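This briefing goes through selected parts of a multi-chain structure. Please have the sequence and the coordinates at hand while reading.

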Amino acid sequence: MSNEVRFPVLSSDQASEGLVATWFVADGESVKTGQLIAEVQVDKVSAEVQAPTAGVIRIIAGAQATVKQEALIAVIE
Amino acid sequence: MTVTEKEASPAIRRLTTSKAMVEGIAQEMERDPSVFVLGEDVGAYGGIFSSTTGLLERFGPSRVMDTPISETAFIGLATGAATEGMRPIVELMFVDFFGVAMDQIYNHMAKIHFESGGNVKVPLVLMTAVGGGYSDGAQHSQCLWGTFAHLPGMKVVVPSSPADAKGLMIAAIRDDNPVVYMFHKGIMGLPWMAPNPRALAPVPEEAYEVPIGSAAVVRQGNDVTIATLSLSVHHSLDVAEELSAEGIECEVIDLRTLVPLDRATILSSVAKTGRLLVVDEDYQSFGLSGELAAIVTETDPRLLKAPFLRVAVPDVPIPYSRPLEYAVLPTKTRIAAAVRKLVG
Amino acid sequence: MDQKIKIELYRTMVLIRSFEEAILRDYHADKKPAWDIGAGLIPGEMHLSAGQEPVAAGICANLSSGDGITATHRPHHLAIAHGVSLKALAAEIFGRETGLGKGRGGHMHLFDPASHFSCSGIIAEGYPPALGQAFAFKWKKTPNVIVAVTGEGAANQGAFHESLNLAALWKLPVVFVVEDNDWAISVPRQASTAIASNAERAAAYGIPGERIEDNNVEAIWRSAKTAIDRARSGEGPSLLEIHTVRLWGHFEGDAQAYRDDLDAARAHDPLPAYEAQLIGEGFLDAAQAEAIKEESAAEVEAALSFAKASPLPDAADALRYVFA
């Protein structure tokens, strides 16, 4: 299982930037596989992000950061 | 690097207010098969303000039902089902829409228990979105909790935090009375509204109740009591932190429930501070702020060292245009000015 | 139908679409990437009418000076087709002092007494005031009519049925119109309504009822003419249900994940269809169509420029206009 958490593709327009709306976990916390960790948004479409694996989360793109779709927003160590 | 090499913080489960509400509803639906949800756009859409997200997928269309735009019919249906032993949760999309169905609410839902001499119970939750601040105009921005609290026979709860949103929802579902559950759009933690850091907070995973009728002192202080509710709790806490740097210590009371009102918590705080500011996003006159002033003066007018003050909507419909809307909403600027006046 | 009417219907539809596309552009322009409904030059809920232009064009082409309309939370197409000032409409949407309601009302609360136009954000609640306007027209002995418009979801509200009965009983000069765009926000009509056509409900009140399919502007024009003529001649109300299409979301911000008919809806865009029809019939050529689009766009941009250049209301005036 990948330990990368990437911004999901929510818009077919690759140029669209996304917003990391909410982190439900804090940097350095331990997370369980499948745990709700973030809510993200492109324009008016939002989506939940679950932890792909268990471990300690290191947040790369903080709340309210804008990033490209598929960008790395966290890793789980 | 492995987990054991780093010292991981213990997982603290946080939720936004909307997700906490939904979790409370889902846990009660798991526990009690008589609980069901109905209203406009509560199914596939998941509630316009995400108050029912995922419930249709989890519990199916026999327990989570979209209704026609027929509020009289479906709120009346909830009342009837409640009198037959079910526990409906019925959503009125915006509280502003109550006018089309008010008879079913205040003459039926709220009076049946009394009129039956206590023989009939109406255990339902009427949940509804309230509040402005995003230019939705005069018919989609009101709070109106004072209207519901004025009319006898309904409990009225108004949470401000994720944990209270869940606990009050569970308490409301389990209560044997009709409970009007009012959630401000600005406290829900919705990604498509202005970010509100206080809309995300730790929420216990298990089912629990926050008792209806119990206010919370969410900040201690000796100088001024700010009695408030809903989104205005967030604003009042921000102001209290700001004024603390100037040496003014506010005690902030989150009322959480309007009916029944926790008078003891208000009175003991006012007895300590001697100054009372009510911050209320509802209309100013004939409502909550006047009621709190009355409670203090009918108990002991000598409790107050300074004249009572209130920051509310000054009896004008909520304007659309932003500078007008923010002139009438209880903003942090207005709250801070009122506190300074009280201690000045 | 003569060419002049056909071109006018087309021109009205183009003007409406041009306006809605410009509002759509400006509404979203400053809401990226954090899509905050309360932010930007145009904040708040925005219900746009793309796809429903034939309803407005077909009805309003039959109205005369002094006739009125009550519309819904999705009102722009009807306001424009009825001749409400584009500048004052745009200025209201931008919350400016020069707007129809001086920025107090917003896009769901448009009032233009000069053209007897109003709308409401509450479902079906535009019907009852229409009765009173019709009552006043009768009392003043003016030959005017009022068209009360609502959506198919509203036909399940008490106000809808109460209004039909009272208007029929008192033979009021009202034409009731139901815009059936298939969706009450996320609820499809078959999940909300026990019968296939709301026009059948007219029979319950002893008035004529007709359902018009295919969002066809000329069919709408003809049926509206019959109903408006009937009301104007003192024979009382009629009910028209028009099957139209909602091309965009219920409101801007609606991701429409519940909707499986989006491709089909786009394929039923009434504007290219009517343009192709008129070109095929020889009433319009591509150059004329282009000229109409350019004129409309220029008029719309002038209105939006006026709006953006207009002052915002003064916060010190926030308590004005509560009482006369």
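The model is predicted. Strand β11 (residues 250-254) of chain B is largely enclosed by the rest of the structure, because five of its five residues are buried. Helix α11 (residues 286-309) of chain C has 24 residues, and the contact between chains A and C draws nine residues from chain A and five residues from chain C.

**Strand β11 of chain B**

- C250(B), V252(B) and D254(B) point one way from β11(B), while E251(B) and I253(B) point the other way.
- In a regular strand, side chains alternate between the two faces of the sheet.
- Residues on either side of β11(B) are buried, including D254(B) and E251(B).
- Strand β9 (residues 216-219) of chain B pairs with β11(B) in the antiparallel sense, over three bridges.
- In that pairing, A216(B) is found opposite D254(B).
- Strand β10 (residues 224-228) of chain B runs parallel to β11(B), and five bridges join the two.
- T225(B) has E251(B) as its bridge partner in β11(B).
- Between β10(B) and β11(B) the chain passes through helix α8 (residues 231-244) of chain B, a β-α-β crossover that is right-handed.

**Helix α11 of chain C**

- From its first C-alpha to its last, α11(C) reaches 34 Å, close to the 34 Å expected at 1.5 Å a residue.
- Its buried residues are S296(C), V300(C), A303(C), L304(C) and A307(C).
- An α-helix has 3.6 residues a turn, so residues three or four places apart point the same way.
- The cover over the buried residues of α11(C) includes α1 (3-29) and α4 (86-93) of chain C.

**Contact of chain A with chain C**

- Nine residues of chain A and five residues of chain C make up the contact.
- On the side of chain A that touches chain C, strand β2 (residues 17-23) of chain A gives the most, with three residues.
- By class, this side of chain A has two nonpolar, four polar and three charged residues.

**Q14 of chain A**

- Q14(A) sits in the loop between β1 (4-6) and β2 of chain A.
- Is Q14(A) buried or exposed? Q14(A) counts as exposed because it has 9 C-beta neighbours inside 10 Å, and the cut-off for exposed is 12 or fewer.
- Q14(A) and E4(A) are ten residues apart along the chain, and their C-alpha atoms are separated by 20 Å.

Notes: Residues numbered from 1 in each chain as written. Chains lettered and ligands numbered in written order. Predicted model: local features only at pLDDT ≥ 70, side-chain atom pairs only at ≥ 80, totals over all residues. Buried ≥ 20, exposed ≤ 12 C-beta atoms within 10 Å, placed from the backbone. Helix = DSSP H or I, 4+ residues; strand = E, 2+ residues; numbered from the N terminus. Pairing = 2+ DSSP bridges. Right-handed = clockwise from strand over helix to strand, strands pointing away. Contact = placed C-beta atoms within 7 Å. Nonpolar A, V, L, I, M, F, W, Y, C, P; charged D, E, K, R; others polar. Expected span 1.5 Å × (residues − 1).
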